[in-house]
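Please open the model in a viewer and keep the sequence at hand.

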Amino acid sequence: MNYELRNFVTKLLVLVILIFCVVPLRCEKIKTKKYPFIDWNVSHTIEKAKVEYVLDGDTVRITDGRVIRLLGVNAPEVAHPIHSKLCGESGGEEAKSYATGELLGKKVILVVGKKNTKDIYGRTLGLIFYNDENGDQKCFNWELIKTGHGEVYIFSDDRLCVEDVWGEK
């Protein structure tokens, strides 16, 4: 093989390795030191997902069909006529609109504790990380509280959320 061809093949191989190895890892990385309100020592899984539907401010559906209920936060309810809830709570539509604007159609990182994975309705309990319009990584659960679209809502088995600092603004 001549020198130019070998050089071209080497560069192409390096490019392919970068595209398939380095870029996906960058998307899955969470800057854990940025989030002291999360106990990263709690056993958990991390996976990529895409939000396909926002049910309300604290509940979304991802493309694999799972419904994700956000840990550590409670947003006002919207009307759910199918569940006999004809009227929503004050702020419910605003919280849903905020969640829609921040998450709908976006690739996110989902963090789920290995012990406390589902609520009584079968929804997966988790933390959602996303990149905002400036490309800054954010924890959506925390952002709901910071922006006033949700309130702190921690159960004793919500081990990922550090109760003493969760929701501090």
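This is a predicted model: local features need pLDDT of at least 70, side-chain atom pairs count only at pLDDT 80 or more; totals for chains, interfaces and linings use all residues.

Is A79 buried, partly exposed or exposed? A79 is partly exposed, because its relative accessible area is 29%, and buried means under 20%, exposed over 50% and partly exposed in between, with a 1.4 Å probe and protein chains only. Select A79 in the loop between β4 (72–74) and α2.

Residues are numbered from 1 along each chain as its sequence is written, and side-chain values use heavy atoms, leaving out hydrogens and water.

Next, display the whole chain as a cartoon. Of the 169 residues, 36% are buried.

Now select H44, which lies in strand β1 (residues 44–56). A polar atom of the H44 side chain is 2.6 Å from the backbone oxygen of V42. Beyond four places in sequence, H44 touches V111, V112, G113, K114 and L160, where contact means heavy atoms within 4.5 Å.

Finally, select C139. Leaving aside neighbours within four places in sequence, C139 is in contact with residues including Y35, F37, L127 and W166. C139 is also among the members with the most contacts to other members in the largest nonpolar core, which has 36 residues. Such a core is a set of buried Ala, Val, Leu, Ile, Met, Phe, Trp, Tyr and Cys residues joined through side-chain atoms within 4.5 Å.

Conventions:
Helices (H or I, at least four residues) and strands (E, at least two) are DSSP runs, numbered from the N terminus. A polar contact is a pair of N or O atoms within 3.5 Å; within protein, one must be able to donate a hydrogen and the other to accept it, and residues adjacent in sequence count only if both atoms are side-chain atoms.
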